[in-house]
Each structure stands twice: as C-alpha cells, then as structure tokens.
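User: I have a structure to go through before setting up some calculations. Can you walk me through it?

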Amino acid sequence: MCNNHDDLELRRKHTASHIMTYAVKMMHPDVKLGVGPWTDEGFYQDFDLGEGKSISEKDFKKIQKKMRWIVNKNFKIVRQEFTEAEAREIWKDDKYKLELIDGIVERGEQISAYDFVDEEGRTVYRDICAGPHLDSTGDLGIFKLTKVAAAYWRGDSDRETLTRIYGVAFPNEEKLAEYEHFLAEAAKRDHRKLGQELGLFTFSEKVGAGLPLFTPKGTFIRNKVEDTIMKIQSKYGFERVNIPHITKKDLYETSGHWAKFKDDLFHVHGKGDTQFVMKPMNCPHHTQIYASQMRSYRDLPIRYAETTTCYRDEQPGELLGLSRVRSLTQDDGHIFCTPDQVLEESRNLVKVIREFYTKLGMFNEGDFKVSLSVRDSANLSKYLGATENWEKAESFLEEVAKSENLPYERIEGEAAFYGPKLDFQFKDSLGREWQLATIQIDFVQPERFGLEYIDNEGKRQTPVMIHRAIAGSLERFMAVIIEHFAGAFPVWLAPVQAHILPVTDAHLPRAEEVLAKIRGISGRAEIIDASDTLGKRLRNSQTGKIPFTIIIGDGEVKSGKLTIRKYGEKKDKQISVEEFLGLLEE
Ligand SMILES: [Zn+2]
Ligand SMILES: [Zn+2]
C-alpha cells in the first residue's frame with residue numbers, strides 16, 4: 001500500500017532519523033531519546049545527552065561517518081509489537097519512552113518498535129515507532145545533517161531542554177544538489193537580510209523582540225499594499241471603520257476567546273480595577289459597531305474594512321523576522337449579511353483577491369491553490385450553527401469556487417466549528433506555499449453577540465458574519481513578497497522607482513528638472529549626487545534593487561534624452577523624458 005512517491009520519501013526521512021539516532025547512541029551510549037519525526041524538509045531527533053554533554057555541528061562529520069557505516073551494513077528493519085508490560089520493562093530506564101508509552105496506551109494504540117537486525121538475526125538497535133520505514137538501512141540514499149538546536153521535551157518550556165539534530169535525506173545526489181541550491185537561493189532572499197540591506201524595517205532591543213519598526217521605505221510598501229486593497233474592495237461596498245487597540249476583557253468573554261487565548265494576550269492595567277487587554281483580533285470590536293443600531297434587511301450587507309494592528313504575546317523563541325511578530329497588522333474586513341447573500345459576497349471577495357494577486361503577478365495557473373474547508377460529514381454534531389445555514393454556505397462557497405474557475409480542493413473536516421471557509425495558498429518564486437487570503441463564514445459570533453436584523457416579515461433574525469483577509473498580516477505579507485521578489489519590487493510597489501545620477505555636479509540642474517517631472521506624476525525618484533564615482537553609484541543602485549537608473553551627462557543635456565538602465569539589465573537605453581514617465585505610469 002505504500003508505493004507512491006511521497007510515501008517513499010516519508011519512509012526515507014523516518015529511517016534516516018533512526019539511523020542518525022543509532023549513530024549518536026554508538027557515541028553516547030547513555031543518551032535518552034525524545035521524539036524524532038519527519039518534517040517537510042527532512043527529519044530531526046531530540047536527544048537528552050545527560051549532564052554536561054553536548055553535540056555541536058563540529059560532530060556532524062563523525063556522526064555522518066557512523067551513519068554511513070550503518071547504511072553499508074544494510075541492517076534489515078523489522079517491526080515488532082509489544083504489550084504494555086513488555087514495553088515498560090524494555091524501556092524502564094528511559095523516562096521519555098515511558099511517557100510516550102503512557103500516551104500510546106491512553107490512545108488505545110498498539111505499541112510497536114522497529115529493530116535494526118544484522119545478518120545473524122541479532123537486533124543491534126531498537127526504538128519505539130509507529131513507522132513506516134524503508135525495508136533496510138542500505139536503501140537510505142543520500143543524507144546530510146543540517147543543524148543543531150535546543151528544544152523542550154513536548155515543546156513545554158517547563159520541561160527538560162533537549163538537543164535537537166536536524167537532517168535531510170534524498171534518493172540521489174541530484175536531489176540533494178537541488179535542495180542545496182534552494183537553500184542558497186532562500187538565504188539570498190531572506191527577508192531579514194534584505195529588509196536590513198534595503199532599509200525597510202528594523203528592530204530595537206529597547207522596543208522589544210517581535211515588534212518591528214518600519215522605515216519610510218518599508219512604510220511606503222505597507223501603505224501601498226493597504227491602499228491597493230482598499231481601492232479594489234471599495235468597488236464592492238466596503239467602508240472603513242476604526243477601533244481602539246485595547247478592550248475590556250468582557251468583549252472576549254462574550255466572544256468565547258477569553259478561555260482559550262487569555263494567556264496569549266498582553267494584559268493592560270489602568271488606574272481602576274477594570275481589566276484591559278491589547279486586542280489580538282478585530283472581529284469582536286467590529287460586531288459592536290454593527291450592534292450600535294437596529295438593522296433592517298434593507299441595510300445588509302454591511303461591510304467593514306480596517307487595517308489595524310493586533311498584539312499577541314508570542315514566545316520569544318518563536319519570533320522570526322516579520323514572519324512571526326508580536327504586533328501584526330491585519331488587513332481585516334467583516335461582512336454582516338443574510339444567509340442568502342453569502343453567495344454574492346463571497347464571489348465579490350474572490351474578485352478582490354483575484355485583482356490584487358493579479359497585480360502582483362501571483363494569480364497565474366499553477367501558482368496558487370484554494371482549499372474549501374467543509375464539515376466532517378461523519379461528525380456533524382461538533383459544528384455550531386443551523387444545519388440549513390451550513391448547507392447553504394458550503395454549497396455557495398463551492399459554487400463560487402466553480403464559477404470563478406478556482407483550482408480548489410474540497411476538504412472534509414477542515415471547517416472551523418463556527419463555519420466553512422475558502423483559503424488561498426500562493427506559491428512564491430521558490431515554490432514555497434503561503435496561506436495568505438481567506439474567506440471564512442461565521443455563524444457563531446453573531447449569535448454570541450446577539451446581533452440582529454429585522455427581516456422582510458418584521459421578524460428578528462441573526463446575520464451571518466464573513467471574515468476576510470486579502471494579504472493576511474501586512475508583516476508576514478511583506479516577508480513573503482520581499483522573498484518572492486528578492487527585494488526587486490515591481491515598479492508600482494517600489495519605494496524608490498528611479499535613481500537619477502548626474503555624471504558631474506554640472507549636470508545637477510538637468511537632474512533636478514527631471515526629478516521635478518517625475519514627481520509631477522507622483523513618481524518616486526532620488527538624485528544621487530556626484531560625491532561618489534559614477535561606477536560606484538551605478539553599483540549601489542543595483543544592490544539597492546532600484547527599478548530604473550537614469551544617467552545624465554553632457555550628451556543627455558544636449559539631446560534632452562535620458563540614458564536609462566533597468567534593474568538587472570546590462571544595456572542602457574536612450575529614451576525621452578515623456579517615454580520614461582510613460583514607463584513609470586504603466
Ligand atoms: Zn520511525
Ligand atoms: Zn474576523
């Protein structure tokens with residue numbers, strides 16, 4: 001049953017993890033083992049090496065040599081089953097394994113282990129694992145250890161700190177080379193590095209980890225993204241609203257978020273006894289704007305949009321550049337409508353998403369996919385809200401996905417307990433997928449907040465709420481597009497579209513004339529004066545990934561034309577100022 005390619009790669013990674021573990025055990029016989037799963041990229045294994053012992057990347061050569069030996073020995077990998085009592089006896093000295101056994105028993109699963117067996121039938125290595133694995137160690141192929149990190153047992157910061165070793169495994173050298181090329185490309189595009197080099201954002205220890213500060217250039221990009229989305233969606237009747245960044249905890253008690261998320265929030269204490277928190281989301285606030293008036297079916301749909309920052313107290317260890325922050329700005333929006341209006345509203349949201357991602361060049365066939373998350377039909381009781389509304393919403397979302405030709409997959413059981421959704425995953429230029437836009441139907445929040453409208457028969461009804469994000473959080477979105485474009489933003493999004501280089505100071509007046517014309521059409525350019533050599537300034541414009549570099553010397557002053565070099569091109573072009581302005585406006 002395990003013949004497809006992906007399954008083979010999964011078994012390869014799993015097997016590699018055990019081979020690494022066996023190798024480490026040969027070097028540290030007393031080592032205790034945490035978990036060792038496969039990941040998208042490869043595999044890892046957690047080790048408790050014991051007091052005072054450590055492994056660093058310097059040890060990789062030795063470990064890999066031992067791994068090679070295990071591969072060459074071609075041990076058979078044989079599954080064994082154990083009763084709880086047997087397992088507890090075998091692993092009686094390993095507190096981690098005993099805890100794992102507790103879990104397996106609790107879930108009512110069979111305890112299984114895998115043995116590496118030599119030619120004489122002797123077991124040389126054994127570990128608890130549900131598998132699957134390759135049939136023998138000799139099938140492993142190419143492997144490589146990649147890094148060491150610290151990790152908590154069970155991800156719990158109150159528990160033991162373990163040593164985690166990561167690795168990758170591939171069927172052949174070409175696949176490893178491909179992977180290494182990908183890593184090198186990804187490192188070049190790393191938004192943390194580019195954000196620094198291009199001067200887009202910064203962090204300050206005085207402000208705190210996970211709290212990015214945006215420079216004028218970075219702010220330009222954020223605002224441009226926001227404005228573009230606002231402009232597109234204003235065609236579909238969105239209106240902007242504005243809410244404060246703190247709230248009484250009562251709001252989240254009503255919404256039901258308090259019990260679940262109170263430990264992930266920043267708590268704020270004022271002079272009085274009232275407990276406030278920094279908002280981690282905007283939906284509950286927006287319900288209160290809706291609830292401020294009696295609504296009639298004639299008023300619906302009501303569509304609120306707001307780009308606003310939310311705050312979540314993420315673990316310091318989880319923070320990562322702009323991808324994982326404590327202050328995240330959502331391009332948020334909520335629609336309140338009747339169940340029947342879900343069809344038209346979702347269709348319009350898909351149009352907004354289409355227009356925005358088309359502008360970014362990311363809405364091409366094969367570059368994105370959509371998941372339609374619906375209820376688990378075998379377990380309907382776990383969903384809140386009227387069945388009739390669920391059925392309607394699910395079929396509406398599917399109808400939109402079909403009529404808008406979205407490459408969608410219907411995923412049963414992936415709906416939230418409060419409603420079905422459409423999620424958009426976009427591929428960046430390295431083929432990595434990012435979940436960015438989303439349309440989520442919600443039957444529960446309107447109930448909890450007692451939202452109402454009067455229908456055409458004068459009866460009180462509960463509206464449906466649609467949550468929607470186009471870019472997701474602006475911080476994460478910026479991280480994605482910085483890496484996608486490798487910092488070379490399209491002309492419309494580039495904070496500086498052109499550098500104007502006067503060859504000498506004598507050409508400065510003409511450069512200033514050209515700058516004024518560019519500014520006249522709201523273009524964005526800077527004069528880089530002749531305090532550096534022309535060659536150096538040209539190189540700086542390239543490393544700054546400026547879309548156009550304009551050179552003005554004697555010839556250009558005389559002819560009235562501009563010498564233009566496009567980013568990434570080696571050849572210059574002579575064009576008139578008007579032609580250049582046309583390029584900018586395109
Ligand atoms: Zn395994
Ligand atoms: Zn929402």
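User: Start with burial. Are His-14 and His-18 buried or exposed?

Analyst: Both His-14 and His-18 are buried, where buried means under 20% relative accessible area, exposed over 50% and partly exposed in between, with a 1.4 Å probe and protein chains only. Before going on: this is a predicted model, where local features need pLDDT of at least 70, side-chain atom pairs count only at pLDDT 80 or more, and totals for chains, interfaces and linings use all residues. Residues are numbered from 1 along each chain as its sequence is written, chains are lettered from A and ligands numbered from 1 in the order in which they are written, and side-chain values use heavy atoms, with hydrogens and water left out.

User: Which atoms hold the zinc ion (ligand 1)?

Analyst: Its protein donors are His-14 (ND1), His-18 (NE2), Cys-129 (SG) and His-133 (NE2), at 2.0 to 2.2 Å. Donors are N, O and S atoms within 2.8 Å of the metal (3.2 Å for Na, K and Ca); water is not among the atoms, so sites may look incomplete.

User: What's the arrangement around the zinc ion (ligand 1)?

Analyst: Tetrahedral, because the 4 donor atoms subtend angles of 89 to 125 degrees. Four donors count as tetrahedral if all angles lie between 85 and 135 degrees. The ideal tetrahedral angle is 109.5 degrees.

User: And how are those donors spaced along the chain?

Analyst: The spacing is H-x3-H-x110-C-x3-H. His-14 and His-18 are 4 residues apart in helix H1 (residues 5-27), so about one helical turn separates them. Helices (H or I, at least four residues) and strands (E, at least two) are DSSP runs, numbered from the N terminus.

User: What coordinates the zinc ion (ligand 2)?

Analyst: Cys-283 (SG), His-334 (NE2) and His-467 (ND1), at 2.0 to 2.3 Å. The sequence spacing there is C-x50-H-x132-H. Cys-283 is in helix H10 (residues 283-290) and His-467 in strand E22 (residues 464-473), so this pair ties together parts 184 residues apart in sequence. Cys-283 and His-467 are both buried.

User: What does His-467 stand opposite in the strands?

Analyst: Gln-440 stands opposite His-467 of E22. E19 and E22 run antiparallel, joined by 5 bridges; two strands pair if DSSP finds at least two bridges between them. Gln-440 is also the bridge partner, in E19, of Lys-421.

User: How much of strand E19 is buried?

Analyst: In E19 (residues 433-442), 7 of the 10 residues are buried, so the strand is largely enclosed by the rest of the structure. Strand E18 (residues 421-427) is antiparallel to E19, with 6 bridges. E18 and E19 make a hairpin with 5 residues between them, and Gly-431 in the turn has a positive phi of about 85 degrees.

User: Switching topic. How many disulfides?

Analyst: The count is 0 disulfides, a disulfide being a pair of cysteine sulfur atoms within 2.5 Å. Cys-310 is in none, and its nearest cysteine sulfur, that of Cys-283, is 8.1 Å away. Cys-310 counts as buried because its relative accessibility is 0%.

User: Last one. What's the strand order in the open sheet of 5 strands?

Analyst: The order is E24-E23-E25-E26-E27, with mixed pairing. Strands E24 (525-527) and E27 (572-576) are the edges, each pairing on one side only. E23 (residues 498-502) and E24 pair in the parallel sense over 3 bridges.

Methods:
Four donors count as tetrahedral if all angles lie between 85 and 135 degrees; four count as square planar and six as octahedral if opposite donors are over 155 degrees apart and all others between 65 and 115; anything else is irregular.
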